[in-house]
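Thanks for making time this morning.

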Amino acid sequence: MASNPPWLKTEITADERLKNLKNTFETKHGESPLFYACAPGRVNLIGEHIDYCGYSVLPMAIEQNILAAVSVNNSGTIQLANTNPLYQDFTVSCSEVIAIDRDNPKWFYYFLCGVKGIQETFEIPRLVGMSCVVDGTIPPSSGLSSSSALVCCSGLLTMEANQKSLSKVALAEICAKCERYIGTEGGGMDQSISFLAERGTAKLIEFQPLRATDVKLPDGAVFVISNCCVEMNKASTSHYNIRVVECRIATKMLAKAKGLESSRLLKLAQAQTELKASLEEMLTLVDEVLHPEPYSREEICKVLDITLEQFSADLLSANTQHMTQFWLHQRAKHVYGEAARVLQFKSVCDSEPAESIQLLGDLMNQSHASCRDLYECSCPELDQLVDICLKAGAVGSRLTGAGWGGCAVSMVPTEKVESFLQAVRAAYYLPDPRRAAMEKQSLFVSKPGGGAAIFLEE
């Protein structure tokens, strides 16, 4: 085993879930696991769709996680299994180049992203053989980062099995990069909070360089997660990458308008840095430079002085080549406004004014309106659920995660939690048989959980 990094947990008390995982592993492989690895999901309290634009976000880890039991062997293969029978087993040779099919994003390809990231980082010619059984309690495709948690868990356990060692920050950066093998052009928030989370505190995650700062959430309120029960898989649809592309083009259009060299600028935060402007000034610039009507390819090419071929090759991703219209004004307006809301949210948490709960709730409501109207990443079910949550007593409620389905997060005064849960259950879940069947794992209070770790059984 590798020399333990300082954040390694050395023992775990066997709870029911761990016992079941161990039994499944022993039945399948005829031996006990050598170690366990876990990586949590997350809920983003504020700062949606801005990490890939270079801006800070404010998530917390949740207690639901991906947990894997692992043994190391000389089989020359990596054998993957999942406790969920819907997810098929998979075996890959340690000597072949790991191939990830981004057109077919099955669960084991996310796992292999993490394996491949570690293999490439350390230039390991032949990985050690492993048997892994994976168990997850994060609802899939719900906006709580189940896929990134799987990538992080895989990267962590592959590092450990191959007797390598990295810091949390390095692992987070590697896992953010290697998840792109599946085709999602994410910004790094999900992987960062999965590794850098600490129990009891939310985190302000900043990028370049990656760092995390504790954010103490106010007493007197809790965060409740509710799943609208519409699934959205980022890798199997183009919605997410379309927004990444629109922000990339908006960056270049703003840079061009202000006489900057636009070829090296890819993120809206870079445009702000180059212009030495405030977020408020960037919002004004968006109104001055970008028109609200959608842009065509031809109009963008004319402004940027590039060919249609260059446009497709340099600005579009593999699954956005079909795009013909680009809503640049709305996307940039959301990003700069949301980046400001993140800073305001942290400022309220730090200064603890008497009305802090109401102020934070207002920022969450503004965030949802911006996601719905400017970024257009909500859906009717999410909007209905957010509305129900506000009527049920939440001071603030907003979509969390990529959107187009998944979860809402609501800030609820502590004394109203029970009545809130009952009201949301009655108004959203119970009238619909499918939602009613999913309600137990779809509506829950969340406390800030700890980060990824390796466990050895007591």
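In which loop does glutamate 123 lie? Before I answer, please keep in mind that this is a predicted model. Glutamate 123 sits in the loop that runs between helix H2, residues 107–122, and strand S5, residues 129–136. Its phi is positive, at about 50°, although glutamate 123 is not a glycine, and because its relative accessibility is 69%, over the 50% cut-off, this residue counts as exposed.

Tryptophan 404 also has a positive phi without being a glycine, in this case about 55°, and it is found in the loop between strand S11 (396–400) and strand S12 (407–413). Is tryptophan 404 buried or exposed? With a relative accessible area of 12%, which is under the 20% cut-off, tryptophan 404 is buried.

A further backbone detail is the cis peptide bond between glutamine 208 and proline 209, where omega is about -5°; proline 209 belongs to the loop between strand S6 (202–206) and strand S7 (211–215).

Let me now return to H2, and to its partner. The axes of H2 and helix H4, residues 168–178, come within 9 Å and cross at roughly 120°, and the two helices are therefore oblique to each other. The crossing of H2 past H4 is right-handed. On the H2 side, the contact is made by Cys113, Gly114, Gly117, Ile118 and Thr121, and on the H4 side by Leu171, Ile174 and Cys178. Sorted by class, this contact has five nonpolar residues and three polar ones, with no charged residues.

Terms used. Residues are numbered from 1 along each chain as its sequence is written. This is a predicted model: local features need pLDDT of at least 70, side-chain atom pairs count only at pLDDT 80 or more; totals for chains, interfaces and linings use all residues. Side-chain values use heavy atoms; hydrogens and water are left out. Helices (H or I, at least four residues) and strands (E, at least two) are DSSP runs, numbered from the N terminus. Buried means under 20% relative accessible area, exposed over 50%, partly exposed in between (1.4 Å probe, protein chains only). Axes are lines fitted to C-alpha atoms, for helices over the stretch in contact, and angles run from 0 to 180 degrees between N-to-C directions. Angles under 35 degrees count as roughly parallel, over 145 as roughly antiparallel, 65 to 115 as roughly perpendicular and the rest as oblique. A crossing is left-handed if the near helix is turned anticlockwise from the far one by less than a right angle, and right-handed if clockwise. Contact means heavy atoms within 4.5 Å. Ala, Val, Leu, Ile, Met, Phe, Trp, Tyr, Cys and Pro count as nonpolar, Asp, Glu, Lys and Arg as charged, and the others, Gly among them, as polar.
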